[in-house]
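User: I'm new to this structure and would like a close look at just one part of it. Could you pick a spot and walk me through it?

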Amino acid sequence: MKLCNEYINTRINEEAFSIEQTYFVKTDRRVNPKEMEPYRFFQGNIPILITAPHAVRHMRKKKIKPSDQFTGAIAVVLHNKTGAYCLATTKLYGGDPAVDKPCIFKEKIREIVIKHGIKFVIDIHGASSERPFDVDVGTMRGKSFGEKSKFVEEIINCFHQNDIKKITFDNFPALKQFTITRFVVDEMNCPGIQLEINRKYRAHQNLNAFAQLMASLTSVVNYLTKE
Ligand SMILES: [Zn+2]
């Protein structure tokens, strides 16, 4: 809980709120991705990539879908705290990076993974507060995290240490659609996971819950870095 207390004392929720307001503006205004990059890349110094493909509104089957609120801020704060690379959507551009093939966001991931020797990708999403889990880890039914034998145990530990108890696996296996996880695992031979985070832990108004989440995610990145 030490890190969690540090995040509470430094008011990590305020840092996240200001990032959300700066980069992840929720609007129906659409940009042409040929004229403007609809994502933002944050340079890191450890070979882990955090993605937030639903940080802003996106389009699926010609319909505008709401953002996974606060997932952009979570990804950028995690980058600030750990030195992981980060890629998050910042503009509505007509596509859905968690589904599309071909996909400009996935092509950017391909470039980052190759150029920076990325060893693991964490893809961050939001689940509604009605879901029966705190965090669901999508692993393509165990295939996506490669040969890390203690992986499941370790991930559960990272959350449990910060009092986040209901960790489930593969409610969202990241298999149905052409997810970021499927893309990096199947096409790039790079391990990864998809995290679906319950709304309860994504509310910046609740400093304690948000600090618990960020301390857990920091531990997950640190574990993956030393593996
Ligand atoms: Zn999502």
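Analyst: Let's start with Ala-174, which sits in the loop between β8 and α6. Those labels are DSSP runs numbered from the N terminus: helices are H or I with at least four residues, strands E with at least two. Bear in mind that this is a predicted model, where local features need pLDDT of at least 70 and side-chain atom pairs count only at 80 or more, while totals for chains, interfaces and linings use all residues. Residues are numbered from 1 along each chain as its sequence is written.

Ala-174 has a positive phi, near 65°, though it isn't a glycine. Most residues other than glycine have a negative phi. Ala-174 counts as buried because 28 other C-beta atoms lie within 10 Å; the cut-offs, with C-beta atoms placed from the backbone, are 20 or more for buried, 12 or fewer for exposed, and partly exposed in between. The loop between β8 (167-169) and α6 (180-188) also holds Asp-170, whose phi is positive too, near 60°.

Now to α6 itself. α4 and α6 pack at about 50°, their axes 11 Å apart (axes are lines fitted to C-alpha atoms over the stretch in contact, and angles run from 0 to 180 degrees between N-to-C directions). That makes the pair oblique, meaning not under 35 degrees (roughly parallel), over 145 (roughly antiparallel) or 65 to 115 (roughly perpendicular). Lys-106, Ile-109, Arg-110 and Val-113 of α4 meet Ile-180, Phe-183, Val-184 and Met-188 of α6, contact being C-beta atoms, placed from the backbone, within 7 Å.

Notes. Contact = placed C-beta atoms within 7 Å.
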